[in-house]
Amino acid sequence: MNEQEKHQLRTRVAERLRLAGPEKVDLVALPAMKVHMEPVTLARKDQLAASIEAAFDARIDRTRVRKTPTPLDDASLLAVCRTCRGACCKSGENHAYLTRAVLSRVKAEQRMANEASLLESYLDRVPEAAYQGSCIYHGSQGCALPRSMRSETCNRFLCYPLKQLGRDFSSAGYAQLAVSTVADEEGRMLLLSDGETRRVRPETWKLASP
Ligand code: SF4
Ligand code: SF4
């Protein structure tokens, strides 16, 4: 989307929401994960198993992953990340940030009898296919791990664009648009206003073109 298209979109949203003008609509560019799925190979699962086994033997790392404050609620955060489709998950590779501290927490919470059962539980959740070039758990519906089994890194990370969203989220007279770099794909544009998130369809802004 070029600068002229961005301006047209902001103008159109301002008109629809009866805001004072396009300057009341902030546009934040989100990264994008392209949707190309590929089967998860046995070699990748073996690497995950090796990574988990190495973590069992590692010294516990007590570094705390801080939660970044955000005015957005969990559902809104999820809606933003769905718009991008998990670009930050690329760095999860075949380890998924499953450190000794994470594994110890999950083992205790799930009352797992031993490390072998925990390892099996993680291997069982690897999807058959994952996003190409992304984390082994990055399946077609997003992360294949339940939140309780994810690392603190996964549960707490907010990328820089996401940190810019939520300003005046519940205030009247102001809106934000989260637009992924592949904006013309379905589901890649999100409107945040009046404490709610709403999808913006690509044809909505295309209609605005001269
Ligand atoms: S935190 Fe940022 S990069 Fe990661 S999925 Fe959400 S929007 Fe995308
Ligand atoms: S475990 Fe889930 S949230 Fe974490 S990097 Fe992998 S796919 Fe993303």
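Between which two helices does the loop that holds Arg-111 lie? The loop runs between H4 and H5. The model described here is predicted.

## Overall build

The protein has eight helices and eight strands. Its C-alpha atoms fill a box of roughly 60 × 35 × 20 Å along the principal axes. Of its 210 residues, 29% count as buried.

Contacts reach across the sequence. Taking those with a separation of 6 or more, 72% join residues 24 or more positions apart.

## The four-stranded sheet

Four strands form an open sheet in the order S1-S6-S7-S8, and the pairing is mixed. Strand S1 (25-30) and strand S8 (196-199) are the edges, each pairing on one side only. Neighbouring strands are turned by 20° against each other on average, direction ignored.

S1 and S6 run parallel and are joined by six bridges. Val-25 has Ala-175 as its bridge partner in S6. On the other pairing, S6 (residues 175-180) and S7 (residues 189-193) run antiparallel, with five bridges. Here Ala-175 stands opposite Ser-193 in S7. Val-179 has Met-189 as its bridge partner in S7.

How many of the six residues of S6 are buried? Six of the six are, so S6 is largely enclosed by the rest of the structure. Ala-175, Leu-177 and Val-179 point one way from the strand. Gln-176, Ala-178 and Ser-180 point the other way. Both sets are buried.

Helix H1 (residues 3-16) lies across S1, S6 and S7. H1 runs at about 135° to S1. H3 also packs on the sheet, where it touches S1, S6, S7 and S8. The direction of H3 makes about 155° with that of S7.

Ala-87 has 19 C-beta neighbours inside 10 Å, so it counts as partly exposed; the cut-off for buried is 20 or more. Beyond its neighbours within four places in sequence, Ala-87 is in contact with Pro-31, Ala-32 and Met-33. Ala-43 is 44 residues from Ala-87 in sequence, and the two C-alpha atoms are 23 Å apart.

## Ligand 2

The residues around ligand 2 are Gly-86, Cys-89, Gly-92, Ala-96, Cys-135, Tyr-137, His-138, Cys-143, Leu-145, Arg-150 and Cys-154. They divide into seven nonpolar, three polar and one charged.

## Helix H4

Which residues of H4 are buried? Val-102, Leu-103 and Val-106 are. They cover an arc of only 95° around the axis, which puts them on the same side of H4. The cover over the buried residues of H4 includes helix H2 (42-57), helix H5 (115-124) and helix H6 (152-156).

Arg-111 follows H4. Its phi is positive, about 50°, although Arg-111 is not a glycine. Is Arg-111 buried or exposed? It has 7 C-beta neighbours inside 10 Å, so Arg-111 counts as exposed. The cut-off for exposed is 12 or fewer.

Arg-18 is another residue with positive phi, at about 55°, and it is not a glycine. Arg-18 is found in the loop between H1 and S1. With 7 C-beta neighbours inside 10 Å, Arg-18 counts as exposed.

Key. Residues numbered from 1 in each chain as written. Chains lettered and ligands numbered in written order. Predicted model: local features only at pLDDT ≥ 70, side-chain atom pairs only at ≥ 80, totals over all residues. Near = placed C-beta within 6 Å. Nonpolar A, V, L, I, M, F, W, Y, C, P; charged D, E, K, R; others polar. Pairing = 2+ DSSP bridges. Axes fitted to C-alpha atoms, helices over the stretch in contact; angles between N-to-C directions. Contact = placed C-beta atoms within 7 Å. Arc of directions from axis to C-beta.
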